[in-house]
Amino acid sequence: MATLLRVDASLRTDGSISRAVADTAADAWRAQHPHGAVVHRDLSAAPLPADAWAQSVGAAYTPQEQWSPDQRAAKELARTLADEVLAADVVVLASPLYNFGVSQYAKVWIDLLITDPRLGPGSTALQGKPALLVVAQGGGYRAGTPRHGWDHATAYLERILRDNFGMSVDTVIADLTLAGVNPAMAHLIDAAEQSLAEAHTSATQHGTRLAAAARATAQTAA
Ligand SMILES: Cc1cc2nc3c(=O)[nH]c(=O)nc-3n(C[C@H](O)[C@H](O)[C@H](O)COP(=O)(O)O)c2cc1C
């Protein structure tokens, strides 16, 4: 069965733009795969334990028979997370920009995944697997804008997904999302609305394309 893994890293549920744009991509995918499965890993609703990564790294340097209960639990969690990614045909990761960096929810998820032996450095288990990265940014960071270069999340996430995991990555960005609530950004409201509309259009296109690619792969395999 075709499977989409949906991963959310926004603090918000109501009003979350990254979630809304990722919903659009998932809906487009689901329209082509009505019997497909959407597995949801909501890193905000159910945060991963902050110390699990350290425990899992520690386990790698400890003989298995000496693992502590915390190390055992962390390795099990990393395995579960890796299983979800490995089982998916496509991964949609929705992650806001926080404090000019990556959501800590997404960072813990990534760090734990990398501790699973199947997804560590040099692994090829996810080679070519499609990933759609959806980013929401309160401000604007495009080339030529005053804060170009201040977004330290998007390139990092693309680097990890593409170069660490070998995934085939596309990115959709909705920027200026604070234009409607920050009076100093009132002159950017039109630009924000345009960015959001373009993000939804792009998400629909990517969702549809990824579904078609999964169908073609399934037909070839049959
Ligand atoms: C704690 C916090 C920190 C934020 N830091 C930034 C930031 O550094 N730069 C930025 O452009 N927007 C920042 N934002 C705004 C979010 O990126 C923006 O609201 C985005 O739409 C959040 O994603 P969501 O709509 O999916 O919840 C921040 C928001 C919060 C709550």
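Helix α5 (residues 154–164) has Leu157, Ile160 and Leu161 as its buried residues; a residue is buried if 20 or more other C-beta atoms, placed from the backbone, lie within 10 Å of its own, exposed if 12 or fewer, and partly exposed in between. These residues cover an arc of only 85° around the axis, which puts them on the same side of α5; the arc is that of the directions from the helix axis to the C-beta atoms. The model is predicted: local features need pLDDT of at least 70 and side-chain atom pairs count only at pLDDT 80 or more, while totals for chains, interfaces and linings use all residues. Residues are numbered from 1 along each chain as its sequence is written. Helices (H or I, at least four residues) and strands (E, at least two) are DSSP runs, numbered from the N terminus.

**The two sides of helix α5**

- The buried residues of α5 pack against β3, β4 (101–102), α4, β5 (130–136) and β6 (168–174), where contact requires the C-beta atoms of two residues, placed from the backbone, to lie within 7 Å.
- On the other side of α5, the exposed residues are Ala155, Arg159 and Asp163.
- An α-helix has 3.6 residues a turn, so residues three or four places apart point the same way.

- Ala52, Trp53, Gln55, Ser56 and Ala59 are buried in α2.
- They lie on the same side of α2, because their arc around the axis is only 165°.
- The buried residues of α2 pack against α3 and α4.
- Helix α2 (residues 52–60) and α3 cross at roughly 100°, and their axes come within 8 Å; axes are lines fitted to C-alpha atoms, for helices over the stretch in contact, and angles run from 0 to 180 degrees between N-to-C directions.
- This makes α2 roughly perpendicular to α3, a term for angles of 65 to 115 degrees.
- In the contact of α2 with α3, five residues are nonpolar, four polar and two charged; Ala, Val, Leu, Ile, Met, Phe, Trp, Tyr, Cys and Pro count as nonpolar, Asp, Glu, Lys and Arg as charged, and the others, Gly among them, as polar.

**Helices α3 and α4**

- The axes of helix α3 (residues 69–87) and helix α4 (residues 104–115) are 8 Å apart, and the helices pack at an angle of about 95°.
- Therefore α3 and α4 are roughly perpendicular to each other.
- Leu77, Ala78, Leu81, Ala82 and Val85 in α3 meet Trp109, Leu112, Leu113 and Thr115 in α4.
- This contact of α3 with α4 comprises eight nonpolar, one polar and no charged residues.

**The ligand shell**

- The ligand is surrounded by 18 residues, of which Ser18, Pro96, Gly138, Gly139 and Thr177 are the closest; a residue is near a molecule if its C-beta atom, placed from the backbone, lies within 6 Å of it.
- Two elements, α1 (17–32) and β3 (90–98), each give two or more residues to this shell.
- By class, the shell divides into eight nonpolar, eight polar and two charged residues.

**Residues in loops**

- Most residues other than glycine have a negative phi.
- Asn99 is not a glycine, yet has a positive phi of about 50°; Asn99 lies in the loop between β3 and β4.
- Asn99 is exposed, because 9 other C-beta atoms lie within 10 Å.
- Phe100 is in the loop between β3 and β4, and has a positive phi of about 60° although it is not a glycine.
- With 14 C-beta neighbours inside 10 Å, Phe100 is partly exposed.

Definitions and conventions
Angles under 35 degrees count as roughly parallel, over 145 as roughly antiparallel, 65 to 115 as roughly perpendicular and the rest as oblique.
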